[in-house]
Amino acid sequence: MLKTYLPARFIVERNASRCIQCQVCVRQCGFDVHYYDEEDDEVRARDERCVACHRCVVFCPTNALTIRKNPLDYRENFNWRGEAIEDIIKQSETGGILLTGMGNDKSYPIYWDKLVLNASQVTNPSIDPLREPMELRTYLGRRPDKVEVDWETGKLNTRLTPLVPLEVPVMFSAISYGAISLNVHESLARAASEAGTLWNTGEGGLHKKLYKYGSNTIVQVASGRFGVHPGYLDAARVVEIKIGQGAKPGIGGHLPGEKVSAEVAATRMIPMGTDALSPAPHHDIYSIEDLSQLIYALKEATNYTKPVSVKIAAVHNAAAIASGIVRAGADIVAIDGIRGATGAAPKIIRDNVGIPIELALASVDQRLREEGIRNQASVVVAGGIRNSADVVKAIALGADAVYIGTAALISIGCHVCQACYTGRCSWGIATTDSYLAKRINPDIASHRLVNLLRAWSHEIKEMLGGMGVNALESLRGNRLHLRGVGLTDTELEILGVRMAGS
Amino acid sequence: MKRVYPREEVCIGCRLCEVHCKVEHSRSKDVVKAFKREQSVARVRVQENGPLSFALQCRHCPEPYCVYSCLTGAMHRDPGSGVVKHDPDRCVGCWTCVLVCPFGVLVRDVANHRIGPKCDLCPDRAVPACVANCPNEALVYAEEA
């Protein structure tokens, strides 16, 4: 076997005076880091396997564990930093594409952090959301260009399109069953139902057990068409065509056969143990016209009762593409930015392809307004939304709602260790292993997710109140409530935001 | 009466119930001392077979065979609370209770020639330690399951 030249990334420190050899860490680690030496009655660690997911740290009953970054320093070299060196070592040992999980971890600018919000002082009153009503309800879908009423009869001549209400403008991103366990799917579904929002199946189909949450479910139709059948479409509130994903624009998906258990196979409608391959493009979509055919095929199949969403990765021509998507008949355009996460993607793609969601959102909203078609579709953004301020800023930039994936998973235990692609998630999230998947108790996880949404709702209301706005609708696309700090003229121009102080 | 019921579908086999049971039944009630200095014994044991696991402790049966079969009256049922208790001073180590327990909960204490300590539902606590400290709510303390 090839000798690895990779040093351990983390060091497991065990406080011997506190360790009681209870072996909880041994049982909890999904990566076999901890082991018990019976002869010496001592628990030890294989540091080189540690991914710093902190499961053992959190579960240790005596707080005996600390995980530290291996302080091993390379000779200082701005170009040849540790990561660049280690990636080459890994590739020279495996000859393969490097895989990773979660979202882009590079230091691209985070524009949310360069945008600040307004508040009322003296000349217009702020509103106390605890004393006065505050409206967060959002409707997703297509609005008519104009409303025509027959004044003789008082009847509406305009044919209304289906709209979906959200009590909080935050939905759960697409994460497929197979990438995550059924327990996580159930937790997301239950939380969305309780909080009055939507969750997204991802491209792996909808398990039979979860059909009862259909009225809060977005079902995806992706390039692999996994699990798509009439019942699946009928069960949903929204149907989403997945063209791309922020973590891997232009790249397909691959769920390895080991993860395709009997249940996953039945839900995806593929043979057990076979690799589930999602092609990079939809093989029937090579133009906006082709996309339009699929959109209308899905609308026909669902009798025009559900909005159809089209999700794309934020790429250079996002604005023009979004315009085409709206003209093709989509009721919702979902855009996933460069920080969007994944269960598995080539590291080189995740870290280098796509554009920041803030810029994509601003340009898409601007373009749709200029073309007079902004009313024809809702805009949903995803990819790295971390807190309620990011949500408010997104809405002020023009979004109707946001998707959260990583934030939702963090609320149920994820520590963003980026080892999703291994399927050994110690937190029982990104795995279909029945021993690990039990770690997510849907009772607890759905409660935590609802708590997160409730907390964000309160914070959004506080921020709106401060701005003197009593409905989220009034903030949507209102970029005058934003100011930029530390941005160039070009950045400000693309964001459509003025410099702070001006 | 309230009993501890396991939910095997969410038991993750971490055995923190065992750890906290030991601590609760130690003199010091300190987790490090309970393990390092005292010979405290857990009264709950996690049964495990692959992904299937659950915590097992005395079921405090309404018809306790262990009490009926006890030669000396060491095993008795508290008439007020209904808790099945064991008095080690009266136990002669005949282990009949071990034989009759339908759940296999009771264990031998060979060194002291009696049975090992059994679940007492933590009389000093509102909720037994194993239930209060289960990280995945795989143990519930309730009138019925």
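Contact here means heavy atoms within 4.5 Å. The views below come from a predicted model, in which local features need pLDDT of at least 70 and side-chain atom pairs count only at pLDDT 80 or more, while totals for chains, interfaces and linings use all residues. Residues are numbered from 1 along each chain as its sequence is written, chains are lettered from A and ligands numbered from 1 in the order in which they are written, and side-chain values use heavy atoms, with hydrogens and water left out.

**View 1**
Seven residues of domain 1 of chain B touch twelve residues of domain 2 of chain B. Buried area is the accessible area (1.4 Å probe) that two parts lose on being put together, summed over both. For these two domains of chain B the buried area is about 710 Å², with 60% of it on carbon and sulfur atoms. On the domain 1 side, M1(B), R43(B) and R45(B) lose the most area to domain 2 of chain B, together 57% of what that side buries.

A salt bridge is a side-chain nitrogen of Lys or Arg within 4 Å of a carboxyl oxygen of Asp or Glu, and the count between domain 1 and domain 2 of chain B is zero. A polar contact is a pair of N or O atoms within 3.5 Å; within protein, one must be able to donate a hydrogen and the other to accept it, and residues adjacent in sequence count only if both atoms are side-chain atoms. Three residue pairs in polar contact (both at pLDDT 80 or more) are found across this interface of domain 1 and domain 2 of chain B. The side of domain 1 of chain B that touches domain 2 of chain B has three nonpolar, one polar and three charged residues. In this sorting, Ala, Val, Leu, Ile, Met, Phe, Trp, Tyr, Cys and Pro count as nonpolar, Asp, Glu, Lys and Arg as charged, and the others, Gly among them, as polar.

**View 1. Where chain B meets chain A.**
Now zoom to the contact between the chains, which takes 24 residues from chain B and 20 residues from chain A. The area buried between chain B and chain A is about 1,800 Å², and carbon and sulfur atoms give 59% of it. I12(B), K36(B) and P51(B) supply 28% of the area that chain B buries against chain A, more than any other three residues. Look for the one salt bridge between the chains: the side chains of D443(A) and R7(B) meet there (3.3 Å, N to O). Ten residue pairs are in polar contact between chain B and chain A (both at pLDDT 80 or more). Helices (H or I, at least four residues) and strands (E, at least two) are DSSP runs, numbered from the N terminus. α2(B) gives the most to the side of chain B that touches chain A, with four residues. By class, that side of chain B has twelve nonpolar, five polar and seven charged residues.

**View 2. The domains of chain A.**
Chain A has domain 1 (10-72) and domain 2 (138-499) in the domain assignment, and their C-alpha centres lie 37 Å apart. Twelve residues of domain 1 of chain A are in contact with eleven residues of domain 2 of chain A. Together the two domains of chain A bury about 940 Å² between them, 56% of it on carbon and sulfur atoms. In domain 1 of chain A, F31(A), C53(A) and R55(A) lose the most area to domain 2 of chain A, together 49% of what that side buries.

**View 3. The barrel of chain A.**
Eight strands of chain A form a closed barrel, β11-β12-β13-β14-β17-β18-β20-β21, with parallel pairing; two strands pair if DSSP finds at least two bridges between them. Strands β13 (residues 217-221) and β14 (residues 238-242) of chain A run parallel and are joined by four bridges. Within this pair, V219(A) stands opposite V239(A) in β14(A).

Conventions: Domain bounds come from an automatic or database domain assignment.
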